[in-house]
Amino acid sequence: MISGKKFTIIAILLTWISGYGQKSNSEVIETGWISGKLKISGNDHFFQFEDDSPFFWLGDTAWELFHRLNKEEIKMYLENRQHKGFNVIQAVILAEMNGLRKPNRYGNVPFQQLDPQKPNEKYFELVDWTVQTALEKNIFIGLLPTWGDKISKFWGEGPEIFDEKNAYSYGLFLGQRYSDYPNIIWITGGDRPAIYDTNDWRPIWRSMIRGIREGTNGKALITYHPWGESSTTDFWKDEDILDFNMLQSGHKSHDIPVWDWIARDYNSSPTKPILDGESTYEDHPVNWKLENGYFRDYDVRKQLYRSVFAGACGVTYGHQAIRQFYGPEVKPAGYPDRFWTEALDRSGAFQAGYLKNLILSRPPLNRVPDQSIVVSGQGEKGEFIMAFRDASGSYGMVYLPVGKKIEVSTKWINAPKIVAWWFNPRNAESQKIGEFKKEGKLSFEPPSTGIENDWVLILEDADRKWMVPGTKMTN
């Protein structure tokens, strides 16, 4: 829970304090929101707040949050994620699992007669309550207006109910309804392509995005969640409609080169933040097949770290049971191996938070991917090493998916004396290796070696005397 005195402020006072527009349909109650407005950093690669403090996106996929949980369960889930350091919860208003016809836990469906222009107020009251509860915990909601099957089905329940006209009116409705909430980041798309073969659904998505922007008076950040192994840059190359890019590396194999995809989008034009919005889920069958085994925490760590070290502004963790909130009364999808309540404290969820704390324990807004740091020991696929440095040459980090001896360049360090650390991604423990003169190249071997013994090597200006790497942050 957020500590300190809590203030209750009606929407008009909130407008005066934070600059958010007046809410037309209800009060917005602020009870400790400390983050302020989110914006793009000066170099266009990352996020920061209005006071220029950094924001590292650590998301969780809670797609069915509004559809399958009651208020007590939602509150319990949000508290669990808050304690682990998650600051963005990705959830869908019109859910994937028969979200138009099957009522939520309070017996309400989102629309009357499946008509997006006839919203059911009772259904949206739970969305309101959830956004407000997240606000009180200083958590953003990555809010999806709809799962993509309501526009382009491909698979799933559907039905396809949107056209350009009602997509605009629905987006406008949502934008106006949630315009005063500072903790909403809009995510369109919903696991579907915007273009496929000769089909182009971009006019519908454009209309929905236009409605949201008009409803929020342009205050909200908007992106698009594509289907597996693709990026927003695959669908929106010719127009600047999104504020930041998102890809989905997906769940197909152990060797998905997410670092290459992040690097491609990091270097694309126009420059925008990029992140993997749906990475390898913990406890998900590899390529959706039981005979391939499951992705476990090690597989998750390898993808999270390498996407961030490749230049991502953050990353989204996910769990196969939690993304669908699989429980005793729910039909499972994709072979979850435990109920969602049993998955809340899986190792990967804790370890995702360790990554965020590591990045925020050093100045994070001038990170530059730099593979020239790795002189020898570079591997391929599951062993591929990823490195970055600070643009000023004050520090750098190297992620080793497999523990082994490596040689690194120190030419980039803008200091005569270097301090080196090993950071353990499994338990967030740091070990100081020692101090060294800048000699061009240095060799290091981690405390343990081999598969599942991943490590982060940290090299930095000894005179900076920063905190121990991975020290817990509040962002």
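In which helix does Gln-176 lie? Gln-176 lies in helix 5, where helices (H or I, at least four residues) and strands (E, at least two) are DSSP runs numbered from the N terminus. This is a predicted model, in which local features need pLDDT of at least 70 and side-chain atom pairs count only at pLDDT 80 or more, while totals for chains, interfaces and linings use all residues. Residues are numbered from 1 along each chain as its sequence is written, and side-chain values use heavy atoms, with hydrogens and water left out.

**Around Gln-176**
- Gln-176 is partly exposed, with a relative accessible area of 38%; buried means under 20%, exposed over 50% and partly exposed in between (1.4 Å probe, protein chains only).
- Between the C-alpha atoms of Gln-176 and Leu-360 there are 34 Å, and the two residues are 184 residues apart along the chain.

- Strand 6 (residues 140–146) has 7 of its 7 residues buried, so it is largely enclosed by the rest of the structure.
- Strand 5 (residues 88–94) runs parallel to strand 6, joined by 6 bridges; strands pair if DSSP finds at least two bridges between them.
- The chain goes from strand 5 through helix 4 (residues 121–136) to strand 6 in a right-handed β-α-β crossover, meaning that the path over the helix runs clockwise with the strands pointing away from the viewer.
- Strand 6 also pairs with strand 7 (residues 184–188), in the parallel sense and over 3 bridges.
- Helix 5 (residues 164–177) carries the chain from strand 6 to strand 7, and this β-α-β crossover is right-handed.
- Leu-143 stands opposite Ala-91, and Leu-143 also stands opposite Trp-186 in strand 7.

**Helix 3**
- The 14 residues of helix 3 (residues 71–84) should span 20 Å at 1.5 Å a residue, and its end C-alpha atoms are 20 Å apart, which agrees; the expected span is 1.5 Å times one less than the number of residues.
- At the N-terminal end, Asn-70 caps helix 3, with a side-chain oxygen 3.2 Å from the backbone nitrogen of Glu-72.
- After helix 3 comes Gly-85, whose phi is positive, near 100°.

Note on methods. A polar contact is a pair of N or O atoms within 3.5 Å; within protein, one must be able to donate a hydrogen and the other to accept it, and residues adjacent in sequence count only if both atoms are side-chain atoms.
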